[in-house]
Amino acid sequence: MGAGGPDEEDNRWPPWLKPLLGEHFFVQCKLHADSHKSECNMYCLDCMNGALCSLCLAHHKDHRYIQIRRSSYHDVIRVSEIQKYLDISGVQTYVINSAKVVFINERPQPRPGKGVTNTCEVCDRSLVDSFRFCSLGCKIVGTSKDFQKKKRHMAAMASDSEDSYSSSGHGKLNNKAQSFRPSTPPPTSVNYRTAKRRKGIPHRAPMGGLIIQY
């Protein structure tokens, strides 16, 4: 495969990362279903054989593994654990239960909040200004060459669209619309008509000709 191909993209990340992103955690372990510790919230970076419960770790003593935690129904990993094996620069961290964590997968927002100046480059979630991505998954997507190429292409299309809009007859139409606006009538026209209108002289009925009968 030539330089810059899919193989090079895959080699940028450890082999366990993409399987981790697609794993389902906090399900019951099939091997230890009778135990109260059968919740699968562990992952072995060496075996990459799915979510594990704490009892499964007996078979992974000399392996690297991390614990998955939950926040608002989303999977997170403590920074102190994941940064030993992965570069998480650019990914926003959060403090949950007094510990810094990063989210594993994206959490799209319907719309950014008011006054937001920075959002995730992939899913548009609101971020602190110093970060680029909201999760590990978004960092993988956002730093890929295909995504960067697509982003540049969309930016170029948006720029071309704005240029064509500005150079179209839109500005001329605005000018025409302004030229067709009725001019403000002279302020004296109404006053003039009012001034021409004079009150009539009131006429009273003659009292002398009025006969009152009893």
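Modeller: P14 is found in the loop between α1 (6-11) and α2. Helices are DSSP runs of H or I with at least four residues, strands are DSSP runs of E with at least two, and both are numbered from the N terminus. This is a predicted model: local features need pLDDT of at least 70, side-chain atom pairs count only at pLDDT 80 or more, and totals for chains, interfaces and linings use all residues. Residues are numbered from 1 along each chain as its sequence is written, and side-chain values use heavy atoms, with hydrogens and water left out.

Colleague: Which residues does P14 touch, not counting residues up to four places away in sequence?

Modeller: Y85 and L86. Contact means heavy atoms within 4.5 Å. The C-alpha atoms of P14 and L45 are separated by 9.1 Å, with the two residues 31 apart along the chain. Across the protein, 43% of the contacts between residues at least 6 apart in sequence join residues at least 24 apart.

Colleague: Why is S38 called buried?

Modeller: Its relative accessible area is 6%. Buried means under 20%, exposed over 50%, and partly exposed in between, with a 1.4 Å probe and protein chains only. At 6%, S38 is therefore buried. S38 lies in the loop between α2 (17-21) and β1. Leaving aside neighbours within four places in sequence, S38 is in contact with V27, Q28, C29, H32, A33 and C53. Of the 214 residues of the protein, 28% count as buried.

Colleague: What makes β2 and β3 edge strands?

Modeller: The open sheet has 3 strands in the order β2-β1-β3, with antiparallel pairing. β2 (51-52) and β3 (65-67) each pair on one side only. Two strands pair if DSSP finds at least two bridges between them. β1 (residues 42-44) and β2 have 2 bridges, so they pair. Y43 has A51 as its bridge partner in β2.

Colleague: Which residues lie nearest the centre of the largest pocket?

Modeller: C29, L31, A51, L52 and C56, among 15 lining residues. The lining divides into 7 nonpolar, 6 polar and 2 charged residues. Asp, Glu, Lys and Arg count as charged; Ala, Val, Leu, Ile, Met, Phe, Trp, Tyr, Cys and Pro as nonpolar; the others, Gly among them, as polar.

Colleague: What makes this space a pocket rather than a cavity?

Modeller: On a 1 Å grid over the protein atoms alone, a cavity is a set of points where a 1.4 Å probe fits but cannot get out, whereas a pocket is an open set with protein on both sides within 12 Å along at least five of seven lines; lining residues have an atom within 4 Å of a point.
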